[in-house]
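Please consult the sequence and structure shown below while reading.

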Amino acid sequence: MRNLSKTTYLLDKNDYEQYRDLFFYSFDEPESDAEKEFLKREFEHSKVYGIKDDGQLQVSITCVPFKVNFFGKEFDMSGIANVMSAPEYMQSNGVDTLMDRAFTDMYRNGTTLSYLGPFSYDYYRRFGYEQVFENLKITMPFTKLARYSKPSMGRLKRYKYSQAQDVIGDLFASVNTSGTVARKTWWWKKLALWYPDDLLAVYYDATDEVRGYMRYTFHNGTFIVRDMYYQTPDAFLGLMHFINKHRSIYKDIVINSTDTSLRINNFSTNPTDAKVEILPAKMARIVDIKKFFTDYPVQVDNVEQINLEVNDSLSWNNHIWTLSVKDGVVNIEKSDSEIPEVIVDIQTLTKAMFGYQSLADSFKVGNVLGNTDEIETLDKLFVHEKAQLKDFF
């Protein structure tokens, strides 16, 4: 095993060609013009770490800077992308070294959270990440899709997905407040490159305001809904009526959503004819516990002092914390000399704070230790709606 820890670099524009070559080699991606442009834009807007051996890039990770709207509070988030190694360096400690460096930089720069899309959930749990996002997938024959009448008012218009920011950008920003990315212009353009064949159906109400949208595409005889949002009943009716207009063209339909609470009987005349899947999606990590708690959208105004022990590989998080809330303001300080009343690891805490699994439920399976009263009190602090993420990186 080669130790590459002494050759860690922040890459710059002069390293891009090596970065591009390692990407296409590591992931066996086709080197299309669109893929190259996609990769270049991501590189230019990201902090990219790499390890070189004799001047040759061998290991690299990309940290894409985002802001996320987390239930009305804005946090800086680093999206981890393109974790890659040359085959001969896969058994080195290169990725570990780069992740350590990246976490340190995130903490110093005020980044509170980090998301990633894993190739292996177990692998990234080593770095403190946990799966907190899910996707809903409904698959059915098109003939089983529920029919709805066209609304008496309003209209629907089709666009290319490359026009999405101009058409639905404001609506997307105002309604996607459950932990998803606040998209900047460069990111909208990158998504259009990533999904070149996607289309957009937009519903306008009688006053010509955008009230709903659907991103969709087609593949091998299947109509695929990538994302769908409806702000009013008429928007839902308009979008469903539009989908039904494709009934004679496509055999099957797949509806995807980050909202796993959607009801199948709103979409299918016979729910038993539909296949409904809840699929694990991206992972998240709390990079800075103190900052996340301090700015967190707490659900109760007042909480008496609780001593919370958090076990984490990041030294600045790995402490006993004294936590209290007064008039909606959180106070949290290190207090390693105190006796903890609740003991939890970083993954379990992340699940609770992202609304994915309460501390009480984690306690039932042995992942939380402590007094049940304090565990229940902490749970009341946290949002009880699952976070959602609509982006891919």
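## Basis and the enclosed cavity

On a 1 Å grid over the protein atoms alone, a cavity is a set of points where a 1.4 Å probe fits but cannot get out; a pocket is an open set with protein on both sides within 12 Å along at least five of seven lines; and lining residues have an atom within 4 Å of a point. The model is predicted: local features need pLDDT of at least 70, side-chain atom pairs count only at pLDDT 80 or more, and totals for chains, interfaces and linings use all residues. Residues are numbered from 1 along each chain as its sequence is written, and side-chain values use heavy atoms, with hydrogens and water left out.

The structure holds one cavity of 30 Å³ or more. The volume of the largest cavity is about 50 Å³, where a volume is the space filled by probe spheres set on the grid points, which are joined across faces, edges and corners. Its lining consists of Tyr161, Ile168, Phe172, Arg183, Tyr213, Arg215 and Asp227. Two or more of the lining residues come from each of helix 5 (164-175) and strand 11 (210-219); helices (H or I, at least four residues) and strands (E, at least two) are DSSP runs, numbered from the N terminus. By class, the lining of the largest cavity has four nonpolar, no polar and three charged residues. In this scheme Ala, Val, Leu, Ile, Met, Phe, Trp, Tyr, Cys and Pro count as nonpolar, Asp, Glu, Lys and Arg as charged, and the others, Gly among them, as polar.

Strand 4 (residues 73-85) has 10 of its 13 residues buried, so it is largely enclosed by the rest of the structure. Buried means under 20% relative accessible area, exposed over 50%, and partly exposed in between (1.4 Å probe, protein chains only).

From strand 4 the chain crosses through helix 3 (residues 94-108) to strand 5 in a right-handed β-α-β crossover. Right-handed means that, with the strands pointing away from the viewer, the path from the first strand over the helix to the second runs clockwise.

## The largest pocket

At least two lining residues are supplied by each of helix 1 (16-27), helix 2 (33-44), strand 4, helix 3, helix 4 (121-125) and helix 6 (185-194). The lining divides into 18 nonpolar, six polar and six charged residues.

## The second largest pocket

The second largest pocket has a volume of about 510 Å³. Of its 23 lining residues, Asn135, Tyr195, Arg215, Arg226 and Lys390 lie nearest its centre. Arg215 is also one of the residues that line the largest cavity. Strand 7 (134-141), helix 6, strand 12 (222-230) and strand 13 (252-257) each supply at least two residues of this lining. By class, the lining has 11 nonpolar, four polar and eight charged residues.

Five strands form an open sheet of mixed pairing, in the order 18-17-16-19-20. Strand 18 (329-334) and strand 20 (368-370) are the edge strands, each pairing on one side only. Neighbouring strands of this sheet are turned by 25° against each other on average, direction ignored; the axes are lines fitted to C-alpha atoms, for helices over the stretch in contact, and angles run from 0 to 180 degrees between N-to-C directions.

Strand 16 (residues 303-311) runs parallel to strand 19 (residues 342-345), and four bridges join them. In this pair, Asn311 has Asp345 as its bridge partner. Strand 16 pairs with strand 17 in the antiparallel sense over five bridges, and Leu308 has Trp321 of strand 17 as its bridge partner. Five of the seven residues of strand 17 (residues 320-326) are buried, so this strand is largely enclosed by the rest of the structure. Six bridges pair strand 17 with strand 18 in the antiparallel sense, and Asn331 in strand 18 is the bridge partner of Ser324. Strand 17 and strand 18 form a hairpin with two residues between them, and Asp327 in the turn has a positive phi of about 55°.

Terms used
Pairing = 2+ DSSP bridges.
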